[in-house]
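I begin with the strands and then turn to the helices.

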Amino acid sequence: MRTTFSSSVSSAAQEYQQRGWTVAETANGVCLITDDEIAGIEVTGETAAFVRRFLRANGMTGPVIEIPGAERREIHIVTGVRKAAMAIEALRAAGAVVYTDGAGIPLPPSRMAAGPAGQCNWGVAPSEARWVPPVVALGAAVRAAAKGVPQRARMAS
């Protein structure tokens with residue numbers, strides 16, 4: 001099946017497809033379609049900042065999408081979903097949003113809201129990341145954040 005994209009998202013979509021990702025055009029740009037191989041984990045607030053630092057310090061940083069808004073929101077692209085049911089359950093219990101099973105994740109340069117601040121951006125672009133980490137790495141980072149972040153700053157449900 002051939003997918004066609006508008007010129008504004010065509011080059012980004014092609015780059016993502018070259019990575020082996022399934023993408024779809026949306027009214028706002030392009031989105032990653034999750035499957036057994038690739039998913040997204042969304043964390044917010046101070047927990048998102050802690051998770052990013054933890055992953056960087058441990059050499060586990062992968063692609064990270066920054067979602068615009070009043071509160072920090074990040075979606076970490078991950079692999080290893082098929083064999084990580086317990087990690088996914090623990091992430092959800094901790095308040096993370098887990099995108100799997102065909103869910104769409106907005107990819108840059110998608111628009112999330114009107115205005116220049118409404119575009120999602122790469123916090124860590126796929127070309128800057130040395131890999132796409134397994135979901136269990138995000139699970140470890142969120143567990144560490146739960147121990148290191150005050151209760152009031154934990155992830156929003």
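I take helices (H or I, at least four residues) and strands (E, at least two) as DSSP runs numbered from the N terminus, and I call two strands paired if DSSP finds at least two bridges between them. The model is predicted, so I kept to its limits: local features need pLDDT of at least 70, side-chain atom pairs count only at pLDDT 80 or more, and totals for chains, interfaces and linings use all residues. Residues are numbered from 1 along each chain as its sequence is written, and side-chain values use heavy atoms, with hydrogens and water left out.

Sheet. I found an open sheet of five strands, paired antiparallel in the order S6-S3-S5-S4-S8. Its edge strands are S6 (97–99) and S8 (121–124), each of which pairs on one side only. Between S3 (residues 38–44) and S6 I noted three bridges, and the bridge partner of Gly-40 in S6 is Tyr-99.

Helix H3. Which residues of H3 (residues 85–93) are buried? With buried meaning under 20% relative accessible area and exposed over 50%, partly exposed in between (1.4 Å probe, protein chains only), I list Ala-87, Ile-88 and Leu-91 as buried. They lie on the same side of H3 because they cover an arc of only 100° around the axis, the arc being that of the directions from the helix axis to the C-beta atoms. On the other side of H3, Ala-85, Met-86, Glu-89 and Ala-93 are exposed. The buried residues of H3 pack against S3, S6 and H4, where contact means heavy atoms within 4.5 Å. After H3 comes Gly-95, with a positive phi near 100°.
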